[in-house]
Amino acid sequence: MQSMKPAEVLALESLQHKIPKSSYDKNGVTVFKISVTVLVDKGRATDIIYVELCKLFDIVPHDILVSKLERHGLDRWSTQWIRNWLDGHYQRVAVNSSMSKWKPVTSGVPQGLVLGLALFNIFASDMDSGIECTPSKFADDTKLCGVVDTLEGRDAVQRDLDRLERWACVNHMKFNKAKCKVLHVGRGNPKHNYSLGGEQTESSPEEKDLRVLVDEKLNMSQQCALAAQKANHVLGCIKRGVTSRMREVILPLYSALMRPQLEYCIQFWGPQHRRRWSCWSESRGGHKDDPRAGAPLL
């Protein structure tokens with residue numbers, strides 16, 4: 001990135017920000033959950049389809065990626081710079097003493113780099129083009145939410161799955177069919193069957209959505225228990241590994257290691273009910289009946 005002109009860096013950053021924030025921010029999980037909850041509160045049967053791409057960062061075709069960069073308005077100089085950055089890599093396979101011939105790497109984007117994630121976001125930005133249901137995207141995880149208390153609603157969800165499969169075929173990508181699930185929520189849900197790429201999508205009573213456990217009743221009690229369990233494990237590690245109990249030592253550790261376990265995506269699964277609050281607040285080191293609980297007690 002340092003070798004690019006300032007104007008080209010800004011152009012690439014502007015392309016990244018053209019993708020809706022909810023597509024790659026955990027706040028998008030909260031927005032998606034609210035939309036589902038509103039439908040269920042209105043008495044509408046709703047299906048949530050979870051689909052996941054296979055090895056997405058490894059199989060992104062370079063030629064299709066570059067063509068999409070051009071369509072997004074990236075200038076010729078920047079596009080050529082990215083092409084040169086991706087090209088020129090070779091690999092071979094070694095098994096015991098046998099080795100294959102060197103082959104050029106024609107797909108994949110580097111992982112662990114901001115530019116690699118930005119390139120994939122641009123590559124997948126048209127995945128939800130023409131989708132009728134409510135979509136949500138985060139890296140290789142995509143969700144669809146549709147009202148299915150009528151046959152028209154069921155058909156709309158199936159059409160969207162067919163669109164996703166066509167997008168994957170056109171872009172030389174594949175969906176991990178084993179990880180594609182349907183979550184049926186809402187009273188009187190008819191629990192329709194769907195297919196993706198000719199294979200039936202299995203129903204599931206619960207799914208993890210960005211590390212947040214969601215069940216078919218939208219009950220977050222189990223998620224509260226899991227968050228409390230993880231936080232207690234971290235707290236135990238701190239107790240065993242740190243002998244000092246001084247505030248200036250414990251408080252930074254608590255804030256950096258334990259609080260993220262309890263507060264990750266809390267807008268989504270926040271403990272509104274007394275039972276959930278007791279489980280959550282006790283993990284924070286407070287009394288189960290004290291709404292002010294939360295001070296670490298080591």
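**Salt bridges and helix packing**

A: Let me start with one residue in this predicted model: arginine 163 counts as partly exposed, because its relative accessibility is 23%.

Q: Okay, and which residue does arginine 163 form a salt bridge with?
A: The partner is aspartate 160, and the closest N and O atoms of the two are 2.7 Å apart. Both residues lie in helix α6, where they are 3 residues apart, or about one turn of the helix.

Q: Is aspartate 160 buried or exposed?
A: Aspartate 160 is buried, with a relative accessible area of 0%, whereas arginine 163 is partly exposed.

Q: How many salt bridges does a search of the whole structure find?
A: The search finds 9 of them. Another one is formed by glutamate 202 and lysine 181, whose closest N and O atoms are 3.0 Å apart.

Q: What about glutamate 52, which residue does it pair with?
A: Glutamate 52 forms a salt bridge with lysine 179, with 3.7 Å between the closest N and O atoms. This pair links distant parts of the chain, since glutamate 52 is in strand β1 (residues 46-52) while lysine 179 is in the loop between α6 (151-170) and β8 (181-185), 127 residues apart.

Q: Are those two buried or exposed?
A: Glutamate 52 is buried at 17% relative accessible area, because the cut-off for buried is under 20%, and lysine 179, at 45%, is partly exposed.

Q: Changing topic, how many helices and strands are there?
A: The chain has 10 helices and 12 strands. It has 298 residues, of which 42% count as buried.

Q: Which residues of helix α5 are buried?
A: They are Leu115, Gly116, Ala118, Leu119, Phe120, Asn121, Ile122 and Phe123. That makes 8 of the 10 residues of α5 (residues 114-123), so this helix is largely enclosed by the rest of the structure.

Q: At what angle does helix α3 pack against α5?
A: Helix α3 (residues 62-71) and α5 pack at about 80 degrees, with their axes 9 Å apart, and the two are therefore roughly perpendicular to each other. On the α3 side Ile64, Leu65, Lys68 and Leu69 take part, and they meet Leu119, Ile122 and Phe123 of α5. By class, these contact residues are 6 nonpolar, no polar and 1 charged.

Q: And α7 with α8, at what angle do their axes cross?
A: The axes of α7 (residues 221-241) and α8 (residues 247-263) cross at roughly 155 degrees and come within 8 Å, and these helices are therefore roughly antiparallel to each other. The crossing is right-handed.

Q: Which residues make that contact?
A: From α7 they are Ala227, Ala228, Lys230, Ala231, Val234, Leu235 and Ile238, and from α8 they are Ile250, Leu253, Tyr254, Leu257, Met258, Gln261 and Leu262. This contact has 12 nonpolar residues, 1 polar and 1 charged.

Methods:
Residues numbered from 1 in each chain as written. Predicted model: local features only at pLDDT ≥ 70, side-chain atom pairs only at ≥ 80, totals over all residues. Heavy atoms only, no water. Axes fitted to C-alpha atoms, helices over the stretch in contact; angles between N-to-C directions. Helix = DSSP H or I, 4+ residues; strand = E, 2+ residues; numbered from the N terminus. Parallel < 35°, antiparallel > 145°, perpendicular 65-115°, else oblique. Left-handed = near helix turned anticlockwise from the far one by under 90°. Contact = heavy atoms within 4.5 Å. Nonpolar A, V, L, I, M, F, W, Y, C, P; charged D, E, K, R; others polar. Salt bridge = Lys/Arg side-chain N within 4 Å of Asp/Glu carboxyl O. Buried < 20%, exposed > 50% of the residue type's maximum accessible area, 1.4 Å probe, protein only.
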